[in-house]
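Subject: Structure handover

Hello,

Here is the structure to look at next. Please keep it open while reading the notes below it.

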Amino acid sequence: MKLTVGISLDGTEKSYKAVELYKEAFGLTLGHHLSYEDPEGMRKWGLKIGDDFIPRKGYFHADLVHNGENILSVSAEGDSVIPQSGEFIRLQMQMGSEEAVKKAVSILSEGTVIPHDHGFNPCAASLTDPFNVNWFICV
């Protein structure tokens, strides 16, 4: 069994930006993906969409991989709104070096968060990215 993480966004166009941001921050590459711009591809994947479907920019689903392993997936929920609550999940990404942590934090936070010693980890930072996803980035 393997747990993978999926981020679901509330707007289709955000998914393109999120994929590029996470690729750059974590050194990931785009794996299997399906775009809302490809209704025929969506039908081939088994999705039931009608002839009135209007293609739009954004990923229906995009896998982000590292060394052949799926690390993260991003999807867009079209025009629906994801409910917010008082509780949240924070994703943790362990990087290989302090330099990698600083790069990821700089990209995800637009340079506003400085990694610091959390006591159990010599270089770590907690932040919320531009897509309202909470992260704990560490060595």
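Before the rest, some ground rules. This is a predicted model, in which local features need pLDDT of at least 70 and side-chain atom pairs count only at pLDDT 80 or more, while totals for chains, interfaces and linings use all residues. Residues are numbered from 1 along each chain as its sequence is written, and side-chain values use heavy atoms, with hydrogens and water left out.

Overview

The protein chain has three helices and seven strands. Helices (H or I, at least four residues) and strands (E, at least two) are DSSP runs, numbered from the N terminus. Read from the N terminus, the order of elements is β-α-β-α-β-β-β-α-β-β. Of the 139 residues in the protein chain, 40% are buried; buried means under 20% relative accessible area, exposed over 50%, and partly exposed in between (1.4 Å probe, protein chains only). Contact means heavy atoms within 4.5 Å. Among contacts between residues at least 6 apart in sequence, 57% join residues at least 24 apart.

Strands of a sheet pair through backbone hydrogen bonds, either parallel or antiparallel. In this text, two strands count as paired if DSSP finds at least two bridges between them. Strands β2 and β3 run antiparallel and are joined by five bridges. S35 has Y59 as its bridge partner in β3.

L64 also sits in β3, which covers residues 59-66. Is L64 buried or exposed? L64 has a relative accessible area of 0%, so it is buried. Leaving out residues up to four places away in sequence, L64 touches a list of residues that includes V19, Y22, L30, I71 and L72. L64 and G31 are 33 residues apart in sequence, but their C-alpha atoms are 5.5 Å apart in space.

The three-stranded sheet

Three strands form another open sheet, in the order β5-β7-β6, and the pairing is again mixed. Why is one side of β5 and of β6 left without a neighbour in the sheet? Because β5 (90-94) and β6 (124-128) stand at the edges, each has a single partner strand. Neighbouring strands of this sheet are turned by 20° against each other on average, direction ignored.

Strand β7 (residues 134-138) runs parallel to β5, with five bridges between them. β7 runs antiparallel to β6, also with five bridges. W135 in β7 is the bridge partner of L91 and of L127. The hairpin of β6 and β7 has five residues between the strands, and N132 there takes a positive phi near 65°.

Helix α3 (residues 98-109) packs on this sheet, where it touches β6 and β7. The direction of α3 makes about 160° with that of β7. S109 is in α3 and counts as buried, at 7% relative accessibility. A polar atom of the S109 side chain lies 2.5 Å from the backbone oxygen of V105.

The cores

In soluble globular proteins, nonpolar side chains tend to be buried together. A nonpolar core is a set of buried Ala, Val, Leu, Ile, Met, Phe, Trp, Tyr and Cys residues joined through side-chain atoms within 4.5 Å. The largest one has 29 residues, of which I7, Y22, F26, L108, W135 and I137 touch the most other members. At least two residues of this core come from each of β1 (5-9), α1 (12-26), β3, β4 (69-76), β5, α3, β6 and β7. The largest share, six residues, comes from α1. Apart from this core lies another, of five residues, among them L34, Y36, I49 and A76.

W135 also has a contact list that, leaving out residues up to four places away in sequence, includes I7, Y22, F26, L72 and L108.

Regards

Methods. Axes fitted to C-alpha atoms, helices over the stretch in contact; angles between N-to-C directions. Polar contact = N/O pair within 3.5 Å; in protein donor to acceptor, adjacent residues only side chain to side chain.
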